[in-house]
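Hi,

Here is the structure I promised to pass on. Have a look at it first, and my notes on what turned up are below.

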Amino acid sequence: MNQPSEHFDVIAIGAGPFNLGFAALTEGIEDLKVAVLDAAEKFVWHPGMMLPGTHLQVPFMADLVTLADPTNKYSFLNYLKRQQRIYPFYIREDFYALRQEYSNYLAWAAESIQSVRFGHRVLEVEYREGLYHLSVLTEAGMGHFTAQKLVLGTGTQPYLPPVISDEAMNTGKVVHSSNYLFGRDALLASSEATRAKAICVLGSGQSAAEIFLDLLRNLEEEDHLIWATRSERYFPLEYTKLTLEMTSPEYIDHFHALPMAKRDELSAEQKGLYKGINADLINEIHEELYERSISQAANVHLRTGCAATSITAADQGISVSLRHDRTGQDLDFVVDDLVMATGYRAGVPDFLGGIAQRIDYLADGRFNVDREYSIGLGQDIFVQNAELHTHGFTAPDLGMGAYRNSVIINRIAGREIYPVEERIAFQEFGAAELTGLPTAAPATSHA
C-alpha cells in the first residue's frame, strides 16, 4: 500500500546523536520544514557497550545543542531537570556523564522531537524536477517523500578485519565489541572442558580497555585472558588543553586546506587524539593487575605491536596468529572465545546509488566534503561524521556536533540562525605571520 507523498525542505537520514542535534536545533525554525528518518523501530545507542560505570570521554556540555544554543530545551541539563536528577548530578561534581544516563538523554530527545520518525527505512533516492524523491519503507507500507536538501547521518558499522575466516565467524565464538554485553554471559560461563578457559581481546581503544577490565574482574582465577593490539602501546587519550584546542574551527580550516595526501598522513598520526584510552581507565587496569599479582598466578597476557595475521576455527575454539612487526616473531595460540574491539568504518549507503551523479567523490571513492560539510554538486547534500579524511579527527567528536550543525543549518537557511565561532584557540595552526614583529630579512650568500 502506497502512502501520499510528503514534502520537506530538508530530510535528514539516520537518527544518531548528530542528526538528533540537527533535529533539535531546527525545531522552531518556522520557515524550515524538517524530517529525520531512521530505519530502527526506536532509538538505541551502543547498547552492547553499556557496561556499569562507563562514562563519556567528553564533558556533558557536548550534548545535542548546548555549544550552539545553551538555552535550547533539548540540553542535557534540561533533561536532568525534567527527570528531577539535576541536584544529584550537581552534587556528583563530575563533568563526564555516565554512558547509560547519556543514552537515556538521547532517547528522551528522540522521543520528544516531532521531526524524528523511527521505523522509516530509506530504500531509494532519486533526483528529478529539482527535488530529491525518497522511497521509504514504513509499517504502513511504502512511503514517498520529497525534499530540497538532504543531511546524511547514517553512522558507521562494526568493522572486522579480513584476516577472520568465515568458518571462525560461524563458530559463534567471535564477538565484536559492539555486541559485547549481549555475549557477556556466554563469555563468562565456565568452560565445559577440564582445562581453564581462555579469552582474547584484540584492539587498543576505549572499548577494548573497558571489555578487558570487565573480563579481568569477572573471569575465574585460573582462566587465561589475553589482550593484544597492533599498536605500539596502550595509548592514552590525549586530553591536554592545547591539544583540545585542535577541536576548533581554526584547526578544521587548517586541516581542510591541506593536500589530500597530507590529510591522510595526519589522520594516521592522530588516532591517539580520539581513539585512545581514558588515562583513569588505564590506571584502573594496572591497579587490578597489581592486586592480582600479590596472591595468584597472573594468567593475564598483554601483547603490543602484534597484528593479527590469521583467525580461523579450531577444534577447541578459535586459532589466532599474531606477528610482531618490528621483530618478525610469530605468536600462535587457541582460545575459547575472541572479542574483536576493532572499531567501526563508514560506508556509502546503497540508497545513494540513484543520485551518485549529484555527489562529489574523490578519486578513491571517498566523499569530497567541502569546508561547510556538503558533498552535493548542487550544494544540497550534507554529511555528519563522514568527513574524517577531509576535516580531521573532529568528525566523530561529540563536542563538535553542535558546531557542525550550526554551520549546516546556517548554510541551508541562507542566513545566520546560530552564531558560529571562527576563533577559539590561543594558538594558530601553520606558519601564520607573527603580528607586531618585523619580518626577518632573507639570508645573503657571500662568494
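K275 sits in the loop that runs between α10 (260-269) and α11 (279-295); helices here are DSSP runs (H or I) of at least four residues and strands are E runs of at least two, numbered from the N terminus. Before going on: this is a predicted model, where local features need pLDDT of at least 70 and side-chain atom pairs count only at pLDDT 80 or more, while totals for chains, interfaces and linings use all residues. Residues are numbered from 1 along each chain as its sequence is written, and side-chain values use heavy atoms, with hydrogens and water left out.

Back to K275, which is partly exposed because its relative accessible area is 44% (buried is under 20%, exposed over 50%, partly exposed in between, with a 1.4 Å probe and protein chains only). Together with R230, K271 and R345, K275 forms a positive surface patch. Patch residues have over 30% relative accessible area and no salt bridge, with like charges joined within 9 Å and nonpolar side chains (Val, Leu, Ile, Met, Phe, Trp, Tyr) within 5 Å. A salt bridge would be a side-chain nitrogen of Lys or Arg within 4 Å of a carboxyl oxygen of Asp or Glu.

There is also a nonpolar surface patch, about 440 Å², made by Y87, Y90 and I91; the areas are Shrake-Rupley values with a 1.4 Å probe. Y87 belongs to helix α3 (residues 86-92) and counts as exposed because its relative accessibility is 57%.

Now for the buried parts. Helix α1 (residues 17-26) has 10 of its 10 residues buried, so the rest of the structure largely encloses it. Its cover includes β1 (6-13), β2 (34-37), α4 (99-112), β3 (116-117), β6 (141-152) and α13. After α1 comes G28, with a positive phi near 95 degrees.

Helix α9 (residues 249-256) is largely enclosed too, because six of its eight residues are buried. Those six are P249, E250, Y251, I252, F255 and H256, and what covers them includes α10, α12 (388-391) and α13 (401-413).

Apart from neighbours within four places in sequence, T243 is in contact (heavy atoms within 4.5 Å) with E238 and L273.

Cheers

Terms used: Lys and Arg count as positive and Asp and Glu as negative; His and the chain ends are not counted. The place of a charge is taken as NZ of Lys, CZ of Arg, CG of Asp or CD of Glu.
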